Amino acid sequence: MELPFAESWRIKMVEPIKKSTREEREQWMKEADYNLFQLRSEQVYIDCLTDSGTGAMSDRQWAAVMMGDESYAGSSSFFHLKEMINKITGFEYVIPTHQGRAAENVLFSHLVKAGSIVPGNSHFDTTKGHIESRKATALDCTIDEAKDTQLEIPFKGNVDPKKLEKALAEHHENVPFIIVTITNNTAGGQPVSMQNLREVRAIADKYGKRVVLDSARFAENAYFIKTREEGYADKTIKEIALEMFSLADGMTMSAKKDGIVNMGGFIATRHEDWYEGAKRFCIPFEGYLTYGGMNGRDMEALAVGLDENTEFDNLETRIHQVEFLAGLLDEYGIPYQRPVGGHAIFVDADKVLTKVPKEEFPAQTLAIELYLEAGVRGCEIGYILADRDPVTRENRFGGLDLLRLCVARRVYTDNHMRVIAAALKNVFDRRDEITRGVEIVWEAELMRHFTVKLKKLF
Ligand SMILES: *Cc1c(COP(=O)(O)O)cnc(C)c1O
């Protein structure tokens, strides 16, 4: 008999989680203004809000924590981290930051000016925020296929080379760099192929532009290249990562994802001029150059996390669990962005809550329903997240309206996945009774989803 698949780790420490009643959850949801970010974590049974900073560190990472050097300047922990980043990315210059958006803030302060145009695949919300707040434009050149949630293609996160070429032909004097997000979070955690990175490089070279990889999930992207792209099956994840970065000029990193630490980030680049430029903003915004917002102990843990999570076994366990959850949704006929991405399931709320009008935010409504059903917290990646058009101030209904269910790294078991799927099935089974959604009562100008206050219309 063939042995079943099982995790590549065992559990050394546990953290109790609490169930609640529907009545309790209804009260809590109301108190939170129907915004799941406003819930307290103990009001949540299974937390699928994000895979950011929620991973479980390994025994090796915790051991490394004890070796942290908290020296203000010249910390040996910084050099351990720098050496690991050099090894995995090939980038020589490293600036630590407190998280990914801080890396964006520091690098973009040097590179993005009013009127700049930054093309790429789908920009992550903070990336878009840091571009638009500088009165610049984030130009989404993702392939059209990414919008068809049911189409099964292996690299649905790709940049459309024709769109990118057109953007550069028209705007090249205003383009400070091209940014490719790996994996493409906004389009459903979809990977970008090595072939596509090569095409982007060729277009960038033609116009003399540089390429930044927004690398939060670069290891998962490398896993998909290994398992889906011809010619990579026999390469290690580390070899593939190195090849991906060889096609770029620099990176911003949220280490809270594929670094498997709870807080941290960095900028890395091969260009001294970018390093010198970014340095000037790191010191006032983040801190001195050998800590940039991180503790010495956290830099140690990150160095180990980067090493571990660029090993195949660790990634295989993770992706396998996400695929397990997707398999259950298939069984129940629940539509999600196909094929399943690396870190999350993106349920196609428009196709589930067909009776809820766009203006009443179907994905947010589904997130609320799922929480009320079982205390499972997901996250709207849809019309609320899309913010308003900076010029017209209209809601942006052009993209997808998804409910994202993130799977934290090394945290939940497959039984938790079964609970999530069953809860979603219960909501799905009564979808036709759900005809109204929510209305915005208050919102911030940028990144409104974190603090938006909503009123329930059902
Ligand atoms: C999380 C994330 C960021 C921002 O990083 P933070 O650590 O949350 O500040 C940027 N880009 C992508 C693709 C991300 O997933």
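Biologist: What should be kept in mind about the model and the numbering?

Modeller: This is a predicted model, in which local features need pLDDT of at least 70 and side-chain atom pairs count only at pLDDT 80 or more, while totals for chains, interfaces and linings use all residues. Residues are numbered from 1 along each chain as its sequence is written, and side-chain values use heavy atoms, with hydrogens and water left out.

Biologist: How many residues surround the ligand, and which are the closest?

Modeller: The ligand is surrounded by 14 residues, and the closest are Gln 99, Arg 101, Asp 214, Ser 254 and Lys 257.

Biologist: Which protein atom lies 2.6 Å from an oxygen atom of the ligand?

Modeller: That is an N or O atom in the side chain of Ser 254. The side chain of Gln 99 also places an N or O atom 2.7 Å from a ligand oxygen, and a backbone N or O atom of Gly 100 is 2.8 Å from an oxygen atom of the ligand.

Biologist: How much of the ligand does the protein bury?

Modeller: The protein buries 98% of the 380 Å² that the ligand exposes when taken alone. Accessible areas come from the Shrake-Rupley method with a 1.4 Å probe; for residues, only the protein chains shown count as cover.

Biologist: Which element gives the largest share of the shell?

Modeller: Helix 4, residues 100-111, contributes three residues, the largest share. Helices (H or I, at least four residues) and strands (E, at least two) are DSSP runs, numbered from the N terminus.

Biologist: And what is the make-up of the shell around the ligand?

Modeller: The shell has two nonpolar, six polar and six charged residues. Here Ala, Val, Leu, Ile, Met, Phe, Trp, Tyr, Cys and Pro count as nonpolar, Asp, Glu, Lys and Arg as charged, and the others, Gly among them, as polar.

Biologist: Turning to strand 8, how many of its residues are buried?

Modeller: Five of the five residues in strand 8 (residues 265-269) are buried. Buried means under 20% relative accessible area, exposed over 50%, and partly exposed in between (1.4 Å probe, protein chains only).

Biologist: Which residues are on each side of strand 8?

Modeller: Gly 265, Ile 267 and Thr 269 lie on one side, with Phe 266 and Ala 268 on the other. In a regular strand the side chains alternate between the two faces of the sheet.

Biologist: What are the pairings of strand 8 with strand 2 and with strand 7?

Modeller: Strand 2 (residues 93-97) runs antiparallel to strand 8, joined by five bridges, and Thr 97 has Gly 265 as its bridge partner. Strand 7 (residues 250-254) also pairs with strand 8 in the antiparallel sense over five bridges, where Thr 252 stands opposite Ile 267. Two strands pair if DSSP finds at least two bridges between them.

Biologist: On another topic, where are the cis peptide bonds from Ile 182 and at Pro 339?

Modeller: The bond from Ile 182 to Thr 183 is cis, with omega near -20°, and Thr 183 lies in the loop between strand 5 and helix 7. Arg 338 and Pro 339 are joined by a cis bond with omega about -15°; Pro 339 is in the loop between helix 12 (312-332) and strand 9 (344-348).

Biologist: Is Lys 135 buried or exposed?

Modeller: Lys 135 is exposed, because its relative accessible area is 66%. Its phi is near 60°, a positive value in a residue other than glycine.

Definitions and conventions. Near = heavy atom within 4 Å. Polar contact = N/O pair within 3.5 Å; in protein donor to acceptor, adjacent residues only side chain to side chain.
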